[in-house]
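Trainee: Please take me through one part of this model in detail. I would like to look at how its two pieces meet.

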Amino acid sequence: MRNIFDLTKEELEAYFLEIGEKKFKATQVYEWLYQKKERDINNFSNLKKEIRERLLQDFTTFFIKIEKKQEDKLVKKYLFRLYDNNFIEAVLMEHDYGLSICVSSEVGCNMGCSFCESGRQKKVRNLEAYEIVEEILAIEEDLKTRIKSVVIMGIGEPLDNYDNIIRFIKIINDAKGLQIGARHITLSTCGIVPKIYELAKLPLQINLAISLHAPNDELRNKLMPVNKVYNIGVLKQAIRDYLSVTGRRVTIEYVMLEYINDSEKEAHELIELFKGMNIYVNLIPYNETNHLEFKRSSKKRLMNFYNILKTCGLNTTIRKEFGGNIDAACGQLRGSMNEK
Ligand code: SAH
């Protein structure tokens, strides 16, 4: 049976038409679920009893459970238990512009990036759209607050779970749903090129971030196995085409790994690769984990790299850090749970 949080408003409208009801009932259901935050269909008081009964027959309202929560000043990390006893994580960050949440897109990940904790734990399954929606709803309910922006940068490769991710985005972006503006939604991918082309065609004004992490194929092949399928040349062409179709600036993410990808040589290669393109580079301080030998770049090497990019005209920022004290590396909390 389908979960009620899994339907886009259009799907819910089609459902109501199919059962011989007016389609505006979909809006009413959306208002209950996403604005009044009422999960019990019995309490949808502006719907007739027979419609409520029909909904109860046709849909579940199963909700993910908060299993564990870790807090630091500006960050809260949640571990959720799913219906099949799998675990996923989401992280809430307090920015000066409001609350933002980093959601997981899959249970585990198959991309196998060598520096990433999630890559150690193979993908178990896709997340359903409703499960990702509920990551947000559960945190909003726990904190009695509203989340303003969403980054799809938690565990998993969103473009490897494409259909569910697009449905998720439509649900949270809906004007009668959670009303999270497309410009406040960022999808981060390791570079599944055919799906970047598909994404470009959708009328969704979301932000795209590409995890590049290396400016040449030799190094990127070592760090990110996906590069053997879609190399930098192919990925760069996809970014170019995405820019020309959407007109929206793309973010290039670059995790700073000491003595691996943080020398002046790589900085200049990065400039060569992207000069003149409408991108900006986000340098990410690496979160070290116990299991992997990679080290975070020293402040000095980070600043040197940053200054070279800036001086040569690449828009560059350094990612603000959250949650150094609380297993913040992607997949660490889930990893510690699964090892128990
Ligand atoms: N699969 C998607 C989204 C999830 S990973 C992607 O690859 O973009 C989110 C980002 O965190 C990626 O840029 C990833 O390379 C980076 N990352 C993974 N492990 C990290 C760590 N330990 N410290 C800092 N960033 C990390």
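Trainee: How many Å separate the centres of domain 1 and domain 2, taken over C-alpha atoms?

Mentor: Over C-alpha atoms, the centres of domain 1 and domain 2 are separated by 33 Å. The model is predicted, so local features need pLDDT of at least 70 and side-chain atom pairs count only at pLDDT 80 or more, while totals for chains, interfaces and linings use all residues. Residues are numbered from 1 along each chain as its sequence is written, and side-chain values use heavy atoms, with hydrogens and water left out.

Domain 1 covers 2-60 and domain 2 covers 65-339 (the bounds come from an automatic or database domain assignment). Where they meet, 15 residues of domain 1 are in contact with 17 residues of domain 2 (contact means heavy atoms within 4.5 Å). About 1400 Å² is buried between domain 1 and domain 2, and carbon and sulfur atoms give 53% of that area (accessible area, 1.4 Å probe, that the two parts lose on being put together, summed over both). Of the area that domain 1 buries against domain 2, 35% is supplied by Phe-5, Asp-6 and Tyr-34, more than by any other three residues.

Next, the helix packing. Helix H1 (residues 9-18) packs against helix H2 (residues 24-35) at about 130 degrees, their axes 8 Å apart (helices are DSSP runs of H or I, at least four residues, numbered from the N terminus; axes are lines fitted to C-alpha atoms over the stretch in contact, with angles from 0 to 180 degrees between N-to-C directions). That angle makes H1 oblique to H2 (under 35 degrees is roughly parallel, over 145 roughly antiparallel, 65 to 115 roughly perpendicular, the rest oblique). H1 brings Lys-9, Leu-12, Glu-13 and Phe-16 to the contact, and H2 brings Lys-25, Ala-26, Thr-27, Val-29 and Tyr-30.

Helix H9 (residues 264-274) and helix H10 (residues 299-311) pack at about 30 degrees, with axes 9 Å apart, which makes H9 roughly parallel to H10. In H10, Asn-304, Phe-305, Ile-308 and Leu-309 meet residues of H9 including Ala-267, Leu-270 and Ile-271.

Methods:
Helices (H or I, at least four residues) and strands (E, at least two) are DSSP runs, numbered from the N terminus.
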